[in-house]
Amino acid sequence: MYAIRYDAKDNILHFSLAGLWVMSDVEKFAVDILQTFLTIPEERRGNHSTLSDTAAFPVQARDVSMALGSLMDRSRALNTGRKAIVVGSMLNKLQADRTLSGPDVRTFLVYEEALAWIKSPKSATEPLDAREPSDDDGPAVGSERTDRE
């Protein structure tokens, strides 16, 4: 159902989720992830990155999804580090991108890309909205758009 481990060298909390869950699974996961969180050295706790591999985690029942969302909201209040989420399909990525936003959260289809982003240095100029820009976003602040573009 899940695996959790803390990588002290890179200060990353890794977890993977799989299968269809019921509320008792969420409750056990919440306890286990808190126990693992408490093993992180206090001086690094709250500034660690999180890498969540949900590629084998299908769409869940509404109560499970809401409980996991609430758990993520609470964890975001305790941790300012980056959060990378690996999903199993483009549909899951679109759903995650829509519901899990923020400068410290990104979703990926490829585990290695998520790990590379987690390990990359944060830039002092990293945009507040760290998602990849697209042409649909309109002109960037300070830029002009003309009919010739």
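Contact, as the word is used in these legends, means heavy atoms within 4.5 Å. The structure is a predicted model, in which local features need pLDDT of at least 70 and side-chain atom pairs count only at pLDDT 80 or more, whereas totals for chains, interfaces and linings use all residues. Residues are numbered from 1 along each chain as its sequence is written, and side-chain values use heavy atoms, with hydrogens and water left out.

**View 1**
L20 lies in the loop that joins β2 and α1, where helices (H or I, at least four residues) and strands (E, at least two) are DSSP runs numbered from the N terminus. With a relative accessible area of 60%, L20 is exposed; here buried means under 20% relative accessible area, exposed means over 50%, and partly exposed is in between, with a 1.4 Å probe and protein chains only. When residues up to four places away in sequence are not counted, L20 touches M1, D25, P58, V59 and Q60. Of these, V59 is 39 residues from L20 along the chain, and the C-alpha atoms of the two are separated by 7.9 Å.

**View 1. W21 and the nonpolar cores.**
A nonpolar core is a set of buried Ala, Val, Leu, Ile, Met, Phe, Trp, Tyr and Cys residues joined through side-chain atoms within 4.5 Å. The largest such core has 15 residues, and L17, W21, V26, F29 and L68 are those that touch the most other members. Two or more residues of this core come from each of β2 (12–18), α1 (23–37) and α2 (62–78). Apart from this core lies another, of eight residues, among them I12, L51, A84 and V86. Leaving aside neighbours within four places in sequence, W21 is in contact with M1, Y2, V26, F29, F57, Q60, V64 and L68.

T54 is found in strand β3, which covers residues 49–56, and at 10% relative accessibility it counts as buried. A polar atom of the T54 side chain lies 2.6 Å from the backbone oxygen of V86. Once neighbours within four places in sequence are left aside, the residues in contact with T54 are L17, I85, V86, V87 and G88.

**View 2. The salt bridge between D10 and K119.**
A search of the whole structure finds six salt bridges, a salt bridge being a side-chain nitrogen of Lys or Arg within 4 Å of a carboxyl oxygen of Asp or Glu. In one of them, the side chains of D10 and K119 meet at 3.2 Å, N to O. This pair links distant parts of the chain, since D10 is in the loop between β1 (2–7) and β2 while K119 is in helix α4, 109 residues apart. Both residues are partly exposed, D10 with a relative accessible area of 26% and K119 with one of 48%. K9 belongs with D10 and K119 to a network of salt bridges.

K83 forms a salt bridge with D104, and the closest N and O atoms are 2.9 Å apart. This pair, too, links distant parts of the chain, with K83 in strand β4 (residues 83–87) and D104 in the loop between α3 (90–99) and β5, 21 residues apart. K83 counts as buried at 5% relative accessibility, and D104 counts as buried at 14%. K93 forms a salt bridge with D97, with 3.0 Å between the closest N and O atoms. Both K93 and D97 lie in helix α3, four residues apart, which is about one turn of the helix. K93 is buried, with a relative accessible area of 18%, whereas D97 counts as partly exposed at 36%.

On the surface, M90, L94, L109 and V110 form a nonpolar patch, and together they have about 340 Å² of accessible area. Patches are made of residues with over 30% relative accessible area and no salt bridge, with like charges joined within 9 Å and nonpolar side chains (Val, Leu, Ile, Met, Phe, Trp, Tyr) joined within 5 Å. Accessible areas come from the Shrake-Rupley method with a 1.4 Å probe, and for residues only the protein chains shown count as cover. L109 is found in the loop between β5 (105–108) and α4 (111–119), and is partly exposed, with a relative accessible area of 38%.

Terms used
A polar contact is a pair of N or O atoms within 3.5 Å; within protein, one must be able to donate a hydrogen and the other to accept it, and residues adjacent in sequence count only if both atoms are side-chain atoms.
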